[in-house]
Amino acid sequence: MEQVRFEQVSLAYDEGGPLAIQDISLSVAENEFIAVVGPSGCGKSTLMKLVSGLTEPTEGYVYVGGRQVAGPQKCIGMAFQASNLLPWRTTLDNVMLPLEIVQPYRSQMRRQRKAFEARCRDLLARVGLAGNEDKFPWELSGGMQQRASICRALIHKPKLLMLDEPFGALDAFTKEELWIMLQELWQEEPFTVILVTHDLREATFLADTVYVLSKGPGQLVARKAIEQARPRKLEWTYTDDFARDVHELREHIGRIRES
Amino acid sequence: MAISKRKKFLVKHASWLLMIVLLVFWEFICRALQVPQFLFPAPTAVLEAGIARWEIISMHALQTLYTTLVGFAIAVAFGLLVGMAVGSSPLVYRALYPMMVGFNSIPKVAFVPVLVVWFGIGTVPAILTAFLISFFPVLVNVATGLSTLEPELEDVLRSMGASKLDILRKVGLPRTMPYFFASLKVAITLAFVGSVISETVASNLGIGYLMMAASSSMDMALVFAGLIVIGAMGVGMYELFALTEKRFTGWANRGSGGVA
């Protein structure tokens, strides 16, 4: 089953202005984990906005779950480089937020608040945040905030998770920890993931398929399937095998720079 | 140890100490230079006048407090509603903002005669002046709080299918609360200014009127007593809102816990 599909999509933010992305066609299978990499300013984030329906393509069509995207999508989880947790809510309440908005949880909220809270606590415990439920975001470290942010993106069980450089601001060790955590969550209860990043190691480690975008306007220049069994271990990132894959992606980016 | 304790004491009671020092200085000047009472009464004389005529003063003070609070309440409701409209709609912002700035630049005392023609003298113009002078900071702050909402935050909510109203309720308004409470502190002091101005020009009740009447009979001690009463009411109200602010938006002021 296909979850996301781009058909020759182009987008210019201003009418007649320069294209942010041009002629992109790709398709993401259900429960596939894809990564989009490219130099900064290549329209990676634009791609996310198109999928979530926050912007409309100038040309071409975007389909999510077999239906053409028209207006903001209902059931997408999103996480960004900044955790965007609400500072006036505790960690638990932050994770509860989607349940207060997305149906059918929204109308069940009053009667099932306890059950929903338990569910949030479970998810927080699974990402190693047990005991931090009642802390406020500023009391958490950057990595913990990002874990909470991913919990918030997943609590309403979206079919599609969109990640826009979610680990971009973290140190190398925390980053690797979170890769493992994300992979575990994804394997336990699969969902489709679109990960936008400029970290080639991250893309290679996590994704089934990596797409390389060129710069201004963003065009697809390469598609690479990563054939590595799951669950992938961090040790794998130190093998020649892994290095070869990363290197190959790097070559594509290098070529973009020269041209 | 002893030094730090004394310093702590000083910091804690700084405002009271300064006030006492100033009062003593004031008293000293008046006595040393033998300033006549009808020009500049000493604090003791002001206190005397205040105690001797506390019934009159409190009657007028209550009137001023009443008009101020009513005007302020209208200003908060109005500022909140219009601020929400201005902050969430670029169209309303474009249309309304220049006019509001223009209106706010008009000295409100110039407006009082108009109000008097429309509503007669007394309570109504005082309430309206208090309202007119104090709604602007509320409006501006609410609008600013709403319009500076991080786009990513909005995207997160929109991608869940949240409506405009949802975004306003779950993110916009809570995020605006620190701005809102900060504006209340400014607005309440302005509201006092507004009602006293109006009472001075067109009323036979209220502290403004009392001071006007007292100064025309050269009763300076009473004028000063009135001034001090207004100041005290202003500080009291300010502190009340500062306290509410702390209670409701503690998350926004977490850094200053050590100072307070």
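How many residue pairs are in polar contact between chain A and chain B, counting pairs with both at pLDDT 80 or more? Let's work through that and a bit more; keep in mind that this model is predicted.

**Exercise 1. Describe the interface of chain A and chain B.**

Step 1: Start with the polar contacts. The count between chain A and chain B is 2 residue pairs, both residues at pLDDT 80 or more.

Step 2: Look at who supplies the chain A side. Two or more residues each come from α1 (44–52), β6 (76–79) and α2 (91–101) of chain A. Of these, α2(A) gives the most, with 4 residues.

Step 3: Sort the chain A side by class. You get 14 nonpolar, 4 polar and 6 charged residues.

Step 4: Now take in both sides. On chain A, 24 residues are in contact with 18 residues of chain B. About 2000 Å² is buried between the two chains, and carbon and sulfur atoms give 68% of that.

**Exercise 2. Find a salt bridge across the interface.**

Step 1: The rule finds 2 salt bridges between chain A and chain B.

Step 2: Pick one of them. K170(B) pairs with E100(A), and their closest N and O atoms are 2.8 Å apart.

**Exercise 3. Work out how α3(B) and α11(B) are arranged.**

Step 1: Grab the geometry. Helix α3 (residues 43–52) and helix α11 (residues 220–248) of chain B pack at about 80°, with axes 8 Å apart.

Step 2: Angles from 65 to 115 degrees count as roughly perpendicular, so α3(B) and α11(B) are roughly perpendicular to each other.

Step 3: See which residues meet. A45(B), V46(B), A49(B) and G50(B) of α3(B) touch A221(B), L222(B), F224(B), A225(B) and I228(B) of α11(B). By class, that's 8 nonpolar, 1 polar and no charged residues.

How values were computed:
Residues numbered from 1 in each chain as written. Chains lettered and ligands numbered in written order. Predicted model: local features only at pLDDT ≥ 70, side-chain atom pairs only at ≥ 80, totals over all residues. Heavy atoms only, no water. Contact = heavy atoms within 4.5 Å. Buried area = accessible area lost by both parts, 1.4 Å probe. Salt bridge = Lys/Arg side-chain N within 4 Å of Asp/Glu carboxyl O. Polar contact = N/O pair within 3.5 Å; in protein donor to acceptor, adjacent residues only side chain to side chain. Nonpolar A, V, L, I, M, F, W, Y, C, P; charged D, E, K, R; others polar. Axes fitted to C-alpha atoms, helices over the stretch in contact; angles between N-to-C directions. Parallel < 35°, antiparallel > 145°, perpendicular 65-115°, else oblique.
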